Amino acid sequence: MLGFITRPPHRFLSLLCPGLRIPRLSVPCAQPRPRAMAISSSSCKLPLVAVCQVTSTPDKQQNFKTCAELVREAARLGACLVFLPEAFDFIARDPAETLRLSEPLGGRLLEEYTRLARECGLWLSLGGFHERGQDWEQTQKIYNCHVLLNSKGAVVATYRKTHLCDVEIPGQGPMCESNSTMPGPSLESPVSTPAGKVGLAVCYDMRFPELSLALAQAGAEILTYPSAFGSVTGPAHWEVLLRARAIETQCYVVAAAQCGRHHEKRASYGHSMVVDPWGTVVARCSEGPGLCLARIDLSYLRQLRQHLPVFQHRRPDLYGNLGHPLS
């Protein structure tokens with residue numbers, strides 16, 4: 001699989017290959033695959049996905065302009081599916097501002113992204129939209145909603161984050177997502193896209209392997225974890241968790257991330273990446289806003305699953321239906 005790294009649009013684009021060191025980026029290259037699973041010469045025909053890294057603020061219109069620029073750049077480079085991170089719409093200073101800035105799915109902001117998908121002719125994974133659901137009047141709380149748009153701008157899937165991040169990490173500050181957000185009621189079945197079948201999740205969900213196993217057994221070939229990881233958990237857990245989810249499910253893992261300082265109260269780790277089913281990081285973003293690109297090789301995925309048939313070796317008789325298929 002080929003991986004690319006870019007600086008912000010039109011500034012830098014390089015092809016990752018074994019042994020190549022990219023000047024000034026200090027980005028490790030993908031290690032060669034086992035000989036039996038080598039890449040074919042037709043890899044340039046494989047579907048290309050783009051992973052966007054942004055620094056959202058409370059300014060929704062400026063955030064949209066930034067994301068739209070990256071999406072248009074991804075379209076120019078030939079991507080068929082673009083992934084935006086959690087809170088691509090905004091990151092507020094407090095729960096009250098979060099609730100004030102939130103919108104329903106039929107609101108103005110999603111209409112702008114609908115037009116953007118149609119304009120660019122590609123699919124969009126909107127990784128974490130602050131959604132006022134149908135129960136807004138009763139609960140006065142929102143959902144962290146992962147929205148998938150097709151190239152015609154139609155909403156083809158919505159997944160509402162099921163695991164809320166209520167944590168207190170020394171050195172990172174407390175986070176209580178449930179102050180403003182309701183947990184989603186269910187998982188979403190994987191969705192067929194031009195790049196493969198995509199299983200939807202959001203950020204903190206990656207700490208729960210049961211979710212990824214359920215999506216994989218339901219047919220997912222790509223798992224996506226749009227995120228806004230903090231400065232303490234990021235260096236310790238980000239890459240480790242993403243690679244673990246890829247290895248145990250034998251899926252591609254795509255993780256678009258927030259980066260940098262959003263305002264005086266919050267900053268994010270960044271390091272957006274794509275991991276292949278072998279657990280190799282095949283593309284990652286450099287520091288700051290920008291995007292990275294990777295090709296999705298489903299024949300390689302199927303070959304790997306044939307060589308390592310772990311799902312055939314599961315023992316539910318010993319440990320129950322952990323991560324059983326979705327109904």
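Visitor: Is Phe-208 buried, exposed or partly exposed?
Guide: Buried means under 20% relative accessible area, exposed over 50%, and partly exposed in between (1.4 Å probe, protein chains only). The model is predicted, so local features need pLDDT of at least 70 and side-chain atom pairs count only at pLDDT 80 or more, while totals for chains, interfaces and linings use all residues. Residues are numbered from 1 along each chain as its sequence is written, and side-chain values use heavy atoms, with hydrogens and water left out. At 24% relative accessibility, Phe-208 counts as partly exposed.

Visitor: How far apart are the end C-alpha atoms of helix α1?
Guide: Helices (H or I, at least four residues) and strands (E, at least two) are DSSP runs numbered from the N terminus. The expected span of a helix is 1.5 Å times one less than its number of residues. Helix α1 has 17 residues, 60-76, and should therefore span 24 Å. In agreement with this, its end C-alpha atoms are apart by 24 Å.

Visitor: Which residue caps the N-terminal end of α1?
Guide: A polar contact is a pair of N or O atoms within 3.5 Å; within protein, one must be able to donate a hydrogen and the other to accept it, and residues adjacent in sequence count only if both atoms are side-chain atoms. At this end of α1, a side-chain oxygen lies 3.3 Å from the backbone nitrogen of Gln-61. The residue that supplies this oxygen is Asp-59.

Visitor: What is the arrangement of the rings of Phe-64 and Tyr-113?
Guide: Rings of Phe, Tyr and Trp (its six-membered ring) pair if their centres lie within 6.5 Å; planes under 30 degrees apart count as stacked, over 60 as edge-to-face and the rest as tilted. A search of the whole structure finds 5 aromatic pairs. In the pair of Phe-64 and Tyr-113, the centres are 4.9 Å apart and the planes stand at 90°, so the arrangement is edge-to-face.

Visitor: Which helix holds Tyr-113?
Guide: Phe-64 and Tyr-113 are both buried. Their pair links distant parts of the chain, 49 residues apart. Phe-64 belongs to helix α1, and Tyr-113 to helix α3.

Visitor: With which side chain does that of Asn-144 make a polar contact of 2.8 Å?
Guide: Asn-144 is found in strand β6, residues 143-149, and is buried, with a relative accessible area of 9%. Its side chain makes a polar contact of 3.0 Å with the side chain of Glu-177. The contact of 2.8 Å joins the side chain of Asn-144 to that of Glu-86.
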